[in-house]
Amino acid sequence: VFWIRPLVFSALFFLATCGNLFAQTWSSVGSTCFSPNAAYQQSLVVCNGTPYLAFYDVANPGLSVQTYNGSSWAYLGAPGFGNMTTSIRNSAAGYPELAMNPVTCQPYVVFLDHNTNVVTVETYIGGAWVKLGTVNAATDNGPSLDIYNGVPYISFGSGSNEYVEMWNGSSWVAVGSPIPVANSTTQTSLAVDPATGTLYLTYGTGPSPVWKYNGTSWVQVGSNVSFSNGIVGNKALQICNGEPFFVYEESAGGGGGGRGNRQVYVQTFNGTSWVTLGGGSISADDIEWPSMSFCTLCGVCSPVVAVDEETTLTVGIFEFLNGAWTNIGALPSGSGDVETVSLWLDANCKGYVGFMDATCNNQNTVYSSPLPLKCPPTATPTRTATFTSTFTATKTSTSTSTSTFTSTSTSTSTSTPTSTS
């Protein structure tokens, strides 16, 4: 029985981290409705357990960032520091995006300037937000931002091209040649593989190409990603374990969106083609504003998507498990209509979600919860011991007084893996 204790410990650890943990309790991070007035286009990042939220700030017209200090939400730097394109409810104008250096927790933001419509990047240094050079001099569209090894990378559309650039410490320089397009006015999405630093880019409203930078040039990943009716809402490209995942919103009826029509899909590249996870929308409900993150505690990429649940008027959370999308819970009932949902999962798969909260004048609210993770079947060791003893005694007497005695004993012990979930 020397092996029993380790196996019991392993089983308990497995259940604690990757078992059927559906006892989900969402709670607000600090007070709900913490912005001074309405807030739009939320972008949430968590670093070392501290959440940061970027948003268009109606009280201080422009881009603001707030962070939770352990007891309350406070502005990081000056309120409204970013001269961002004015945003209203259910609008994607300005395209603000917050990104973080995961080592130093230094934040960066990208947005479109209100006066020039030019891509602008700022970072927080020494208690103030500082602009990082000049990205471009022409009118730009749909920027996206990511950080790798402390280096900011951005993508945007301008003229008849899509661009990717990196900050070299003093200026923005091109990453590869610009990609010619028929329409550069759509939202771009830039993602970096955290393991290799490989850049991926997508844009357009469908069919949309996904590009990968091979170190010298941009090459397309498979064929164009096809959609049923074209993207009508926001989209995002992310990389997990070297595999690209693409989440987007479209109108199920092809009517250009509108209540009752919207669906959210996730596609991934299987090495030869793009396939839709689960074969369809993540939910039959009317949903919009998808935001995706990943839990990898169980050794596989488990995509988790948060959405604005228009059917139930709350934030819905869905996880892809065993070939299907599973509703793993929503925020407390009565959280009200939401928009511009932004999801973040930390290394322990604790979930954070920030959103515009319609129950309180469209102000900021952030909730968190340990994710109720359920792992796919995993091989775990099971020890089987078998002991067989055979005893045979034979005694034969003859006139020559001969005695024969035979004894046989056999013992076998085997250890075999079984599949448990």
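Searching the whole structure turns up 13 aromatic pairs. Keep in mind as you explore that this is a predicted model, with an average pLDDT of 82 for the protein.

**Aromatic rings**

- A pair of aromatic rings is described by two things: how far apart the centres are and the angle of the planes.
- Take tyrosine 124 and tryptophan 129 to begin with: their ring centres are 5.4 Å apart, and with 55 degrees between the planes the pair is tilted.
- Are these two residues buried or exposed? Tryptophan 129 has a relative accessible area of 11%, so it counts as buried. Tyrosine 124 has 22% relative accessibility and is therefore partly exposed; the cut-off for buried is under 20%.
- Another tilted pair is made by phenylalanine 320 and tryptophan 325, with 5.2 Å from centre to centre and 55 degrees between the planes.
- Both phenylalanine 320 and tryptophan 325 are buried.
- Rings can also gather in a group: Phe34, Tyr68 and Trp73 form one aromatic cluster.

**A sheet of four strands**

- Strands of a sheet pair through backbone hydrogen bonds, and the pairing is either parallel or antiparallel.
- Here you can find an open sheet of 4 strands in the order E23-E24-E25-E26, and its pairing is antiparallel.
- Which strands lie at the edges? They are strand E23 (287–295) and strand E26 (324–330), each of which pairs on one side only.
- On average, neighbouring strands of this sheet are turned by 30 degrees against each other, ignoring direction.
- Strand E24 (residues 302–309) and strand E25 (residues 314–321) run antiparallel and are joined by 6 bridges.

**How confident is the model?**

- Across the protein, 77% of the residues have a pLDDT of at least 70.
- Where is confidence lowest, and where is it highest? The lowest mean, 40, belongs to helix H1 (residues 4–18), while strand E5 (residues 73–75) has the highest, at 98.

Conventions:
Residues are numbered from 1 along each chain as its sequence is written. This is a predicted model: local features need pLDDT of at least 70, side-chain atom pairs count only at pLDDT 80 or more; totals for chains, interfaces and linings use all residues. Side-chain values use heavy atoms; hydrogens and water are left out. pLDDT is the predictor's confidence in each residue, from 0 to 100. Helices (H or I, at least four residues) and strands (E, at least two) are DSSP runs, numbered from the N terminus. Rings of Phe, Tyr and Trp (its six-membered ring) pair if their centres lie within 6.5 Å; planes under 30 degrees apart count as stacked, over 60 as edge-to-face and the rest as tilted. Buried means under 20% relative accessible area, exposed over 50%, partly exposed in between (1.4 Å probe, protein chains only). Two strands pair if DSSP finds at least two bridges between them. Axes are lines fitted to C-alpha atoms, for helices over the stretch in contact, and angles run from 0 to 180 degrees between N-to-C directions.
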